[in-house]
Amino acid sequence: MIGGSIIIQVLVWGIILGCIYALAASGFSLIFGVTKVINLAHGELIMIGGYVSFWLAVLTGLNPYLFIPLAVAVSSVISIVFYSLGFHKIMGAEKLREAFLAIGFTYVIENMAVLMWKEDTRVVPSPYRQQFIVVGGFNLGVDQLITIAGTAIVLLAFFFFIMKTKWGKMARAVSQNREAAMMIGVNVVRIDMLTFAVSGAMAGVGGALLGVILYLNPYMGLGLTIMAFTIVVFGGMGSILGAVVGAIILGIAQQYAVFFLGGEWSYAVAFALLILILVLRPQGLFGGGG
Amino acid sequence: MLEVNQINVFYGDLQALWGVSLRVEEGEKVVLLGSNGAGKTTLLKTISGLLRPKSGEIRFFGERIDRLPPYKIVEKGISHVPEGRRLFPDMTVLENLMLGAYTPEAEKRMGDMLERVYNMFPILRERRNQLAETLSGGEQQMLAIGRALMSNPKLLLLDEPSTGLGPIPMEKVLNVLEQINKEGVTILLVEQNVHYALKLAERVYLLENGRIVASGSRDEIVKDEKIKKAYIGI
């Protein structure tokens, strides 16, 4: 017998996985929207963010959440390097070049991670590991609550940045019409770089949170990239709201699939939903036009 | 103020402009006339830095600008109203205007510039919180011009503002251009509609197949037999 409470418990797990996905996918979507680059190395930034927080927490014995700003800084800097040394040089050329460049970055970062932290699976040590808060009759882990609250704060800050600040507005202008933005004096190179920096920062937060509630290994990046890409197509290319909603939906779907059908169904269900949406609504949930 | 000297511009292997030269003096209203595909848009895009000439040079107040990125050229005082208006459709009228004034100099004077544009186009003040895509064609053209004026340019480049506009909104646009010019902004207008072009122009350049084939004052051009035949249709 499966009780109603366990159904809701799985829903909560789904939302938590969806939070990590939302942080991954909104950055992926931002880069695509502004620069039209499909950054297949994006997942590596999440992995690196996780390891930075793991490494420093183990090294110092301090609370890993204290190191989120450092995870943000490192992932953001690496993202800027991806742009400056890579995508910036070949933007506007064929997409295939971008794909190969990103695969190159993926291997470099993966191997670096293996060299520094070995291939073992790691979990970021959290002091709240065995602590729960009872909410409406459910046990919620403190770490899980931190993940949900942290994601909500980061996404709200991100929406504020995009919708209300001067730099966010310039980024939206570039995404809506790059050439017109150039004509009215927007420094598009600087906006592109900022876009990579912001996406990297969000990936860094995602990694630091993920490392606590799930686990890390050096090869996890590509899987996260594929999920981010799937979510962005599912939610509608270029729509940040679509990326967030899509992330939560696919996170929940995957957790139910794992619970009812088994772990091997997790990706199968996510891609089945992607295929379904591509058939019914090719532009994605929140995608505009055709 | 603007000197284009012998520029050659390519799209890949395809040459679009052949040794094009052109001058615009401060305070003038110059029209570049030519049919579709003559290279008018290419020339404007090269002036505003979106395209690089393979050879030749472009000077603005004596300083070379043909190797500068577009935002630097805007900072120097050249603003470009693109063909088809190219607004930011999912942003409000006010956001579109403010985006035109994010260069360091213009940002300091944003309030004044906004006031100037609103006085020129009162309808934009009324619609400032509407999304740009909800405006009519004429209003969109006014917003495109207003957005370009927000950077307080010395030279305004306009690419086919008559596209998709009926005669009445277009007359309004021409009146506004006269007014902007009286306020000291030099105008380089690209048009294929001869009627509108000659209404505004003091001097005219004629571009055909990527080459300047004729130039002169408005009156000289009107009398030119070749031009009469090809463009005025009499």
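## Strand S8 of chain B

A residue counts as buried when its relative accessible area is under 20%, as exposed when over 50%, and as partly exposed in between (1.4 Å probe, protein chains only). Strands are DSSP runs of E with at least two residues, helices are runs of H or I with at least four residues, and both are numbered from the N terminus. This is a predicted model, in which local features need pLDDT of at least 70, side-chain atom pairs count only at pLDDT 80 or more, and totals for chains, interfaces and linings use all residues. Residues are numbered from 1 along each chain as its sequence is written, chains are lettered from A in the order in which they are written, and side-chain values use heavy atoms, without hydrogens and water.

Six of the six residues of strand S8 (residues 186–191) of chain B are buried, so the strand is largely enclosed by the rest of the structure. Thr186(B), Leu188(B) and Val190(B) point one way. Ile187(B), Leu189(B) and Glu191(B) point the other way. In a regular strand the side chains alternate between the two faces of the sheet.

## Neighbours of S8

Strands pair if DSSP finds at least two bridges between them. S8(B) pairs with strand S3 (residues 29–33) of chain B in the parallel sense, over five bridges. Here Lys29(B) stands opposite Ile187(B). Strand S7 (residues 155–159) of chain B also pairs with S8(B) in the parallel sense, over five bridges. Leu157(B) stands opposite Leu188(B).

## Helix H5 of chain B

Helix H5 (residues 110–120) of chain B has buried residues, among them Met113(B), Arg116(B), Val117(B) and Tyr118(B). Their cover includes H3, helix H4 (104–108) and helix H7 (137–149) of chain B.

## Where the chains meet

Contact means heavy atoms within 4.5 Å. Chain B gives 20 residues to the contact and chain A gives 17 residues. Buried area is the accessible area (1.4 Å probe) that two parts lose on being put together, summed over both. Between chain B and chain A it is about 1,900 Å², and carbon and sulfur atoms give 62% of that. In chain B, Tyr71(B), Phe88(B) and Tyr102(B) lose the most area to chain A, together 27% of what that side buries.

A salt bridge puts a side-chain nitrogen of Lys or Arg within 4 Å of a carboxyl oxygen of Asp or Glu. The two chains share five salt bridges. One joins Lys166(A) to Glu107(B), with the closest N and O atoms 2.8 Å apart.
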